[in-house]
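User: Can you walk me through this one? I'd like to go bit by bit.

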Amino acid sequence: MIPYALKERCLHTLLRMRLWCNIITQVGTEELAHMEIVAAIIHQLTRNLSMEEIEKCGFAPYYVDHTVGIWPQSAGGFPFSASQFQVTGDPITDLTEDLAAEQKARTTYDNILRLIKEPDVCEPIKFLRMREVVHFQRFGEALRITQDKLDSRNFYAFNPAFDRCETCD
């Protein structure tokens, strides 16, 4: 939600497009809900683990730091950090990054579905995957709107949120 909110402010100022801002706000709010769903799944799967199960499945290092509390990190063990937010202030760059992030999330859900067969886990993951596809489509729509509002001859030549190209014809 935070990177989307930052991008919303930048683009709202630049182009004053309510539709674009609505897309970003809706997707950002939904992404927070995705985190809540994933955290609930993890909590349900780990809340009753025995110490033997924790050790057997390689969960012990995580347990030492966080018990079975939810601590956002990648599957590789890298903790979540604000440095993962990508905001440049260039609407074309930022929307392209958003498109890539949604595809990466969809791929992660695809990989989870390849590994997990338990229906109580798979069904919410399928729902989240479906929403990432919708987010990708919405960001594609925002990118098209942005490009339509910019001078199509030069929107890749400079940052329209900052630079003014007076000599571009």
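User: Where does isoleucine 41 lie, and is it buried or exposed?
Analyst: Isoleucine 41 is part of helix 2. This is a predicted model, and in it isoleucine 41 has 11% relative accessibility, so it counts as buried, the cut-off being under 20%.

User: What does isoleucine 41 touch, leaving out residues up to four places away in sequence?
Analyst: Val121, Pro124 and Ile125. Take proline 124: along the chain it is 83 residues from isoleucine 41, yet the two C-alpha atoms are separated by 8.6 Å.

User: OK, zooming out. How many helices and strands are there?
Analyst: The chain has 6 helices and 0 strands. Going along the sequence, the pattern reads α-α-α-α-α-α.

User: What percentage of the chain is buried?
Analyst: Of the 169 residues, 30% are buried. As for surface, the chain exposes about 10,800 Å², and 57% of that comes from carbon and sulfur atoms.

User: Let's do the core. Which residues make up the largest nonpolar one?
Analyst: There are 11 of them: Trp20, Ile23, Ile24, Val27, Ile92, Leu95, Leu99, Phe139, Ala142, Leu143 and Leu150. Helix 2, helix 5 and helix 6 are the elements that each give two or more residues to this core.

User: Which helix gives the most to this core?
Analyst: Helix 2, with 4 residues. There's also another core apart from this one, with 7 residues, including Tyr109, Leu113, Val121 and Cys122.

User: Where is threonine 146, and is it buried or exposed?
Analyst: Threonine 146 sits in helix 6. Its relative accessible area is 0%, so it is buried.

User: What does the side chain of threonine 146 reach?
Analyst: The backbone oxygen of alanine 142, at 2.8 Å. Ala142 is one of the residues of the largest nonpolar core.

User: What about threonine 93, which helix is that in?
Analyst: Helix 5. Threonine 93 is partly exposed, at 38% relative accessibility. In sequence, threonine 93 and leucine 143 are 50 residues apart, while their C-alpha atoms are 9.6 Å apart in space.

User: Switching to charges. How many salt bridges are there?
Analyst: The count is 5 salt bridges. One of them pairs arginine 131 with glutamate 30, with the closest N and O atoms 2.5 Å apart. That pair links distant parts of the chain, as arginine 131 is in helix 6 (residues 119-149) and glutamate 30 is in helix 2 (residues 18-46), 101 residues apart.

User: How accessible is glutamate 30?
Analyst: Its relative accessibility is 22%, so glutamate 30 counts as partly exposed.

User: Which residues are linked in a network of salt bridges?
Analyst: Arg106, Asp110 and Arg129. Aspartate 110 meets arginine 106 at 2.5 Å, N to O, and aspartate 110 also meets arginine 129, at 2.4 Å.

User: What do those two bridges connect, in terms of helices?
Analyst: The aspartate 110 to arginine 129 bridge goes from helix 5 to helix 6, so it ties together parts 19 residues apart in sequence. Aspartate 110 and arginine 106, on the other hand, are both in helix 5 (residues 91-115), and because they are 4 residues apart there, about one helical turn separates them.

User: Last topic, cysteines. How many disulfides does the structure hold?
Analyst: It holds 0 disulfides.

User: And cysteine 57 and cysteine 122, buried or exposed?
Analyst: Cysteine 57 is exposed, with a relative accessible area of 55%. Cysteine 122 is at 10% relative accessibility, so it counts as buried. Cys122 is also among the residues of the 7-residue core.

Methods:
Residues are numbered from 1 along each chain as its sequence is written. This is a predicted model: local features need pLDDT of at least 70, side-chain atom pairs count only at pLDDT 80 or more; totals for chains, interfaces and linings use all residues. Side-chain values use heavy atoms; hydrogens and water are left out. A salt bridge is a side-chain nitrogen of Lys or Arg within 4 Å of a carboxyl oxygen of Asp or Glu. Buried means under 20% relative accessible area, exposed over 50%, partly exposed in between (1.4 Å probe, protein chains only). A disulfide is a pair of cysteine sulfur atoms within 2.5 Å. A nonpolar core is a set of buried Ala, Val, Leu, Ile, Met, Phe, Trp, Tyr and Cys residues joined through side-chain atoms within 4.5 Å. A polar contact is a pair of N or O atoms within 3.5 Å; within protein, one must be able to donate a hydrogen and the other to accept it, and residues adjacent in sequence count only if both atoms are side-chain atoms. Accessible areas come from the Shrake-Rupley method with a 1.4 Å probe; for residues, only the protein chains shown count as cover. Contact means heavy atoms within 4.5 Å.
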